[in-house]
Amino acid sequence: RAIGVLALCLPFVLVIGKILLQSPGIEASISGYYYTVMRDVFVGTLCAIGIFLMSYRGYERADDIAGNMACFFVVGAALFPTTPARDPSQLQIIVGYVHYGFAAAFFLNLAYFCLVLFRKTDPSKPMTLQKIQRNRVYVICGYLILLCICLLAVYGIFLGDTVIARLDPVFWLESIAVITFGTSWLVKGEALLRDDGEI
């Protein structure tokens, strides 16, 4: 549940904090908040999510491996910042590509959680109505994350220098993916769609 809460709150905290403490407007991407007054919040939140992911335990060894990999990817995305929007050096450009790699691997890992790991169930127990509903949520979340990844790739390859850039599509697509990720983990923690009779 902590993972879900942190992910759900992150885009809102970054935007509101930057507006209140620095200047109005939103950054071109969530990662762009690294270069604002919200840098520590951004890095700290990603590292906290990574620690919680590393401690995640599921049904099988595959769950533990996926959690550890997700931790590695999200901490990597936090420690290797995105390329700054203005006058980046060659080193910053290279580090930015490393950041994109970590971020893409992290989101793909999250989609794997939703589409594969979260849908597992104990074969010795009957599947409850709430579990069936949770599985549907996981599928929706997983494919929505994949859709955001695909749209980010299309934008980066074909549309980055067009008028669409003025709408900050990277920020919105990343925010949708992060909020979707947070929702799936809240459902996994049964903060939502809890089985009847559970506390």
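## The second largest pocket

H5 gives three residues to the lining of the second largest pocket, the most of any element. Helices here are DSSP runs of H or I with at least four residues, numbered from the N terminus. A pocket is an open set of points on a 1 Å grid over the protein atoms alone, with protein on both sides within 12 Å along at least five of seven lines. Lining residues have an atom within 4 Å of a point.

The volume of this second largest pocket is about 270 Å³. Its lining holds 16 residues, and Tyr59, Thr121, Lys131, Arg134 and Asp195 are the closest to its centre. By class, the lining has nine charged, five nonpolar and two polar residues. Asp, Glu, Lys and Arg count as charged; Ala, Val, Leu, Ile, Met, Phe, Trp, Tyr, Cys and Pro count as nonpolar; the others, Gly among them, are polar.

## About the model

This is a predicted model: local features need pLDDT of at least 70, side-chain atom pairs count only at pLDDT 80 or more, and totals for chains, interfaces and linings use all residues. Residues are numbered from 1 along each chain as its sequence is written, and side-chain values use heavy atoms, with hydrogens and water left out.

## The largest pocket

The largest pocket holds about 1,200 Å³ of space. A volume is the space filled by probe spheres set on grid points, which are joined across faces, edges and corners. In this pocket, 34 residues form the lining, with Ser29, Thr82, Thr83, Tyr100 and Val170 closest to the centre. H4, helix H5 (129–159) and H6 each give two or more residues. H4 has the largest share, with seven. The lining divides into 18 nonpolar, ten polar and six charged residues.

## The cavity

A cavity is a set of points where a 1.4 Å probe fits but cannot get out. There is one cavity of 30 Å³ or more. The largest cavity has a volume of about 190 Å³. Its lining has 16 residues, and Ile30, Leu46, Phe106, Phe107 and Val178 lie nearest the centre.

H4 again gives the largest share of a lining, here four residues. The cavity lining has 13 nonpolar residues, two polar and one charged.

## Asp64

Asp64 sits in helix H3, which spans residues 61–79. Asp64 is buried (under 20% relative accessible area, with a 1.4 Å probe and protein chains only), at a value of 14%. Beyond its neighbours within four places in sequence, Asp64 is in contact (heavy atoms within 4.5 Å) with Tyr56, Arg57 and Gly58.

Conventions: Buried < 20%, exposed > 50% of the residue type's maximum accessible area, 1.4 Å probe, protein only.
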